[in-house]
Amino acid sequence: MTITEAAPSPQTQAWTPRLWGVLAVLCAVLFLDGLDVSMVGVALPSIGDELGLSTTSLQWIVNGYVLGYGALLLLGGRTADLLGRRHVFLIALGVFAVASLVGGLVDDGTLLIATRFIKGLAAAFTAPTALSILTTTFHEGPARNRALSVFSVFGASGYSSGLILGGLLTSFGWRWTFLIPVPLALGALAAGIVLIPRDRPAAGGGHDLIGAATLTTGMLLAVYTVVSAPDRGWLDPVTLASAVVAVALLAGFFITEKRVRHPLIRLGILRTGTVVRANLSMIALFGSYLSFQFMMTLYLQNVLGWTPLRMALALLPAGLLVAFGSPFVGRLIDRYGTPRLLISSMTSLLLGYAWFLLTAGNTPHYVVTILPTMLLLGGGFAFGFSSITAQATQGIADSEQGLASGLVQTSGQVGAALVLAVLTALIAGDTTAPATDFSQFHPGVNLVTGVALIGLLLNLVPLLARRRTPAV
């Protein structure tokens, strides 16, 4: 049985058992990604206690992954287009499994961060490849929107499951949160070998290794500059020098993209306003939410002394809302379009953070403050993820679906890394005097609230401007 990548009538695409099987494999990988992120997030305080890591070091466990993930997503998507999506997907999934195993066995913080970075590199190839397999297998329109909704459900389910599993497993030892993904990845690998159809690599093209190198090193140095500046000083010569080099590398990346024969990003794709807004919205979505989760994990366990399981249950409502709400987003996209759903998403995020600011004080109450916030954030993520992904890939040729998919995911991961770096600099404070209430974390909530507000304005202003433009 062969799955074709194009058809004249997308509305009549048949959902065969083989088609469902391919979707199941792709969803399993996204499930694994969500599972891994949330399990490790729950385990951060335990990792810090056993390995003697500070708040600044702990953020590298998160940022090591998202920077490796985000910095090479574009290369991953382009590699999938050039070498074949199936081939790249299966190899990267195998590397992901090995990195998970090694991460669960190391005893040094630096080595642990290194394994997280390698794991992120592997995910940089599996994630855009999975999404490009989906968007080229399911035809643009209702079929693709339905598939994206199912895809999102598994990401949310992985995140929700990771919270509970992380809470349970951390009680036995944080290493289990690194080891559990190994058999799951191997199972997905075996199923992928059987179910994912072979595809043809692109007829021509090449890799932009210079672009990948400048983007990766520039982002790593930028995050290092931000998180180290509070201790070293913003005007310290080392801080200033690293900032200048980071800016130069990132500028070099964009210059490279204009001149290289086969750019990592065809900058012309950014001339479309809807694509640009989708990528900026993903920065706001991932950047604010991942940073808020990092902050709440530290507060609930380190300050309030909650167990990992209790903390996981406290954050669970957001993941459940995404899991149960995402199946309906595809229909809403068909009916209302992505711009309105993106505005709804950013509004829900903004209200969640604003409510937390208004009601938290120095000792946030769960029922009054934390639970309503998590429900609003879950609603924002449910509306946002599928809508952003659909908008970022609409109207893009199959030959550049890997690029479009990698670009929007890069925006989310790189945005998350930068926002988390700034948040860490704001809340790290005096490491010799641990926080005793929520006051140390207030600047972090201010930050994520501002990020959500910018995300809302980016989508709201163009829509209002179109409504005010008189018809010709």
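A residue counts as buried when its relative accessible area is under 20%, as exposed when that area is over 50%, and as partly exposed in between, using a 1.4 Å probe and protein chains only. The model described here is predicted, so local features need pLDDT of at least 70 and side-chain atom pairs count only at pLDDT 80 or more, while totals for chains, interfaces and linings use all residues. Residues are numbered from 1 along each chain as its sequence is written, and side-chain values use heavy atoms, with hydrogens and water left out.

Rings of Phe, Tyr and Trp (its six-membered ring) pair if their centres lie within 6.5 Å, and their planes count as stacked under 30 degrees apart, edge-to-face over 60 and tilted for the rest. The whole structure holds 12 aromatic pairs. In the pair of Phe 292 and Tyr 353, the ring centres are 5.5 Å apart and the planes stand at 55°, so this pair is tilted. Phe 292 belongs to helix 11 (residues 273-303) and Tyr 353 to helix 14 (residues 338-359), so the pair ties together parts 61 residues apart in sequence. Helices here are DSSP runs (H or I, at least four residues), numbered from the N terminus. One aromatic cluster takes in Phe 292, Tyr 299, Tyr 353, Phe 356, Phe 438 and Phe 441.

Attention now turns to helix packing. Helix 1 (residues 17-51) packs against helix 5 (residues 109-137) at an angle of about 160°, with the axes 10 Å apart. Axes are lines fitted to C-alpha atoms over the stretch in contact, and angles run from 0 to 180 degrees between N-to-C directions. This makes the two helices roughly antiparallel, a term for angles over 145 degrees. Contact means heavy atoms within 4.5 Å, and the residues that make it include Val 22 and Leu 26 of helix 1 and Leu 112 and Ile 133 of helix 5.

Ile 196 sits in the loop between helix 8 (181-195) and helix 9 (209-232) and is buried, with a relative accessible area of 3%.

Finally, Glu 257 is found in helix 10 (residues 237-259). Glu 257 is buried too, with a relative accessible area of 4%.

Key: Angles under 35 degrees count as roughly parallel, over 145 as roughly antiparallel, 65 to 115 as roughly perpendicular and the rest as oblique.
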